[in-house]
Amino acid sequence: MLTLHQAGLIATPAIAPLDGTVRPGELLAIVGPNGAGKSTLLSMLSGFRPAEQGELHLDGKRLSEWPIAELANRRALVAQQELPGFDWQTDELVRLGSNPANSLVAELLGDLDLTHLAKRSVHSLSGGERQRAMIARGACQLLSRGSPTAKDGGLLLLDEPTSALDIGQQQRLMRQLRNWAAQHRMAIVCVLHDLNLASTYADRVWLLHQGQRIDHGLPSQVLNPATIANIYAAELQRIEGLPLLALAP
Ligand SMILES: Nc1ncnc2c1ncn2[C@@H]1O[C@H](COP(=O)(O)OP(=O)(O)OP(=O)(O)O)[C@@H](O)[C@H]1O
């Protein structure tokens, strides 16, 4: 479990202090307009950019106090569209940095529709295929961990994981994230631009604007047309009977 106690960043880009928890088994979506600070916040949650005020605790210990190898067993960050430096095969990329059983790698490749690409060079993959491979690598980092004391599936932090995916793959990924959360008691935080994906799949939402979390709670409460139209400066319409928002023509 990740807990924030007035955690924030002072230097630009700043994040105003915030409290909160990310619990095992839940999918939390971070949404907000371009430049709101979503990637910066994710970086703070991962510990890559340490909080400059307040505290973050992961599994009861300050994030900054975990030895780096143990931290890697408990949290994984998949940043936006990174191109791996070396041209591994897809299955080699998935097991990179961890020591997984072959069965886990095969399972994760299957989970993300990559089995037929297992022996392909990563640089030859399409953008969406490579994005799914990087997400599988993040999940593998957590699920292959050897810690006998680990009681949950760790913390998976994903920055815009659906940005390169077609709608079918978006749906399969979001369903898979919910499966991992439920099956492994993984805590998953996703930065999402698609508010309808957040609305459909997230348990809770944090809405960010200009470095501040201005609302948080259930998607149905946070993603209401009036707030979203105001924050995003967009004209919206609600589609009757569906928990969705559409752009007005
Ligand atoms: N090193 C930096 N120096 C100054 N400003 C920065 C720096 N890095 C990021 N910023 C600014 O901080 C703000 C937040 O950036 P961040 O990438 O966290 O936003 P975001 O919400 O993830 O945006 P997007 O939806 O466009 O990906 C942006 O306005 C960005 O230009």
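Let's start at Trp66, which touches Leu58, Lys61 and Leu71 once residues up to four places away in sequence are set aside; touching, or being in contact, means that the C-beta atoms, placed from the backbone, lie within 7 Å. Keep in mind that this is a predicted model, where local features need pLDDT of at least 70, side-chain atom pairs count only at pLDDT 80 or more, and totals for chains, interfaces and linings use all residues. Numbering runs from 1 along each chain as its sequence is written.

Trp66 sits in the loop between β5 (61-62) and α2 (68-74). Helices (H or I, at least four residues) and strands (E, at least two) are DSSP runs, numbered from the N terminus. Trp66 is partly exposed because 17 other C-beta atoms lie within 10 Å; on this scale 20 or more means buried, 12 or fewer means exposed, and partly exposed is in between, with C-beta atoms placed from the backbone. Gly47 is 19 residues away along the chain, and its C-alpha atom is 9.9 Å from that of Trp66.

That glycine follows α1 and has a positive phi, near 90°. Helix α1 (residues 38-46) is largely enclosed by the rest of the structure, because seven of its nine residues are buried. Among them are Leu41, Leu42, Met44 and Leu45.

Now for the strands, which count as paired if DSSP finds at least two bridges between them.

| Pair | Direction | Bridges | Residues standing opposite |
|---|---|---|---|
| β1 (residues 2-9) and β4 (residues 53-58) | antiparallel | five | Thr3 and His57 |
| β4 and β5 | antiparallel | two | Leu58 and Lys61 |

The hairpin of β4 and β5 has two residues between the strands, and Asp59 takes a positive phi near 50° there.

What surrounds the ligand? The residues include Thr12, Pro13, Asn34, Lys38 and Thr40, where near means a C-beta atom, placed from the backbone, within 6 Å. By class, this shell has two nonpolar, seven polar and one charged residues. Here Ala, Val, Leu, Ile, Met, Phe, Trp, Tyr, Cys and Pro count as nonpolar, Asp, Glu, Lys and Arg as charged, and the others, Gly among them, as polar.

Finally, the largest nonpolar core has 65 residues, and Ala136 and Ile188 have the most contacts inside it. Helix α5 (residues 127-143) gives the largest share of this core, eight residues. Such a core is a set of buried Ala, Val, Leu, Ile, Met, Phe, Trp, Tyr and Cys residues joined through C-beta atoms within 7 Å. Leaving aside neighbours within four places in sequence, Ala136 is in contact with Val94, Leu108, Leu109, Leu112 and Leu114.

Conventions. Contact = placed C-beta atoms within 7 Å.
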